[in-house]
Amino acid sequence: MSQVAKKILLVEDDVLLARALVASLEGAGYALEVVDSVDGAAREVLADEEIGLVLVDGDRIPPGECPGALRRMLAHRVLPVVCLACHGGWEGSERARSTA
């Protein structure tokens, strides 16, 4: 019996990077939905119960936008949210941790 993977919601506003990530993750057997903002992600999480993980490109999210939208998502559902960032250093990590 084959188990259906839950859907991953990717928050990425760079179209080329999103396409590459979708190709890679779908190739590994995951279903994906892509939105370009954390506000869009909050709406999608509320609308789609199949989403089991949210991957957020933290480098592309405007300062101050992410924490509020994450709180709205997690107020209605408990699910893992992974914020990825290539830039920002230790200060950004500490700020993200303090708003969780």
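## Asp48, a buried loop residue

Let's start with Asp48. In this predicted model, Asp48 has a relative accessibility of 13%, so it counts as buried, the cut-off being under 20%. You'll find Asp48 in the loop between helix 2 (38-47) and strand 3.

Which residues does Asp48 touch, leaving aside its neighbours within four places in sequence? Asp48 is in contact with Lys7 and Arg77.

## The chain as a whole

Now zoom out. The chain has four helices and four strands, and from the N terminus on they run β-α-β-α-β-α-β-α. Of its 100 residues, 30% count as buried.

Helix 1 covers residues 15-27, which makes 13 residues. From its first C-alpha to its last it reaches 18 Å, close to the 18 Å you'd expect at 1.5 Å a residue. Which residues of helix 1 are buried? They are Ala18, Val22 and Leu25. These three cover an arc of only 75 degrees around the axis, which puts them on the same side of helix 1. There's a handy rule behind this kind of pattern: an α-helix has 3.6 residues a turn, so residues three or four places apart point the same way.

## Where helix 1 starts and stops

Both ends of helix 1 have a detail you can look up in the structure. At the start, a side-chain oxygen of Asp14 reaches to within 3.0 Å of the backbone nitrogen of Leu16.

Just after helix 1 comes Gly29, which takes a positive phi of about 100 degrees.

## A pocket

How do you find empty space in a structure? Rolling a probe the size of a water molecule over the atoms shows where empty space is left. In this model, the second largest pocket holds about 160 Å³ of space.

The second largest pocket is lined by 12 residues. Lying nearest its centre are Leu10, Glu12, Leu21, Asp57 and Leu84. Which elements give two or more residues to that lining? Helix 1 and strand 3 do.

Val81 sits in strand 4 (residues 81-84). Its relative accessible area is 26%, so Val81 is partly exposed, between the 20% and 50% cut-offs. Leaving aside neighbours within four places in sequence, Val81 is in contact with Val54, Val56, Leu70 and Leu74. Take Val54 from that list: Val81 and Val54 are 27 residues apart in sequence, and their C-alpha atoms are 4.7 Å apart in space.

And Val78, is it buried or exposed? At 83% relative accessibility, Val78 counts as exposed. Its place is in the loop between helix 3 (65-76) and strand 4. Val78 and Gly52 are 26 residues apart in sequence and 9.1 Å apart in space, C-alpha to C-alpha.

Key
Residues numbered from 1 in each chain as written. Predicted model: local features only at pLDDT ≥ 70, side-chain atom pairs only at ≥ 80, totals over all residues. Heavy atoms only, no water. Expected span 1.5 Å × (residues − 1). Buried < 20%, exposed > 50% of the residue type's maximum accessible area, 1.4 Å probe, protein only. Arc of directions from axis to C-beta. Polar contact = N/O pair within 3.5 Å; in protein donor to acceptor, adjacent residues only side chain to side chain. 1 Å grid on protein atoms, 1.4 Å probe; cavity = no way out; pocket = protein on both sides within 12 Å on 5 of 7 lines; lining within 4 Å. Points joined across faces, edges and corners; volume = space filled by probe spheres on them. Contact = heavy atoms within 4.5 Å.
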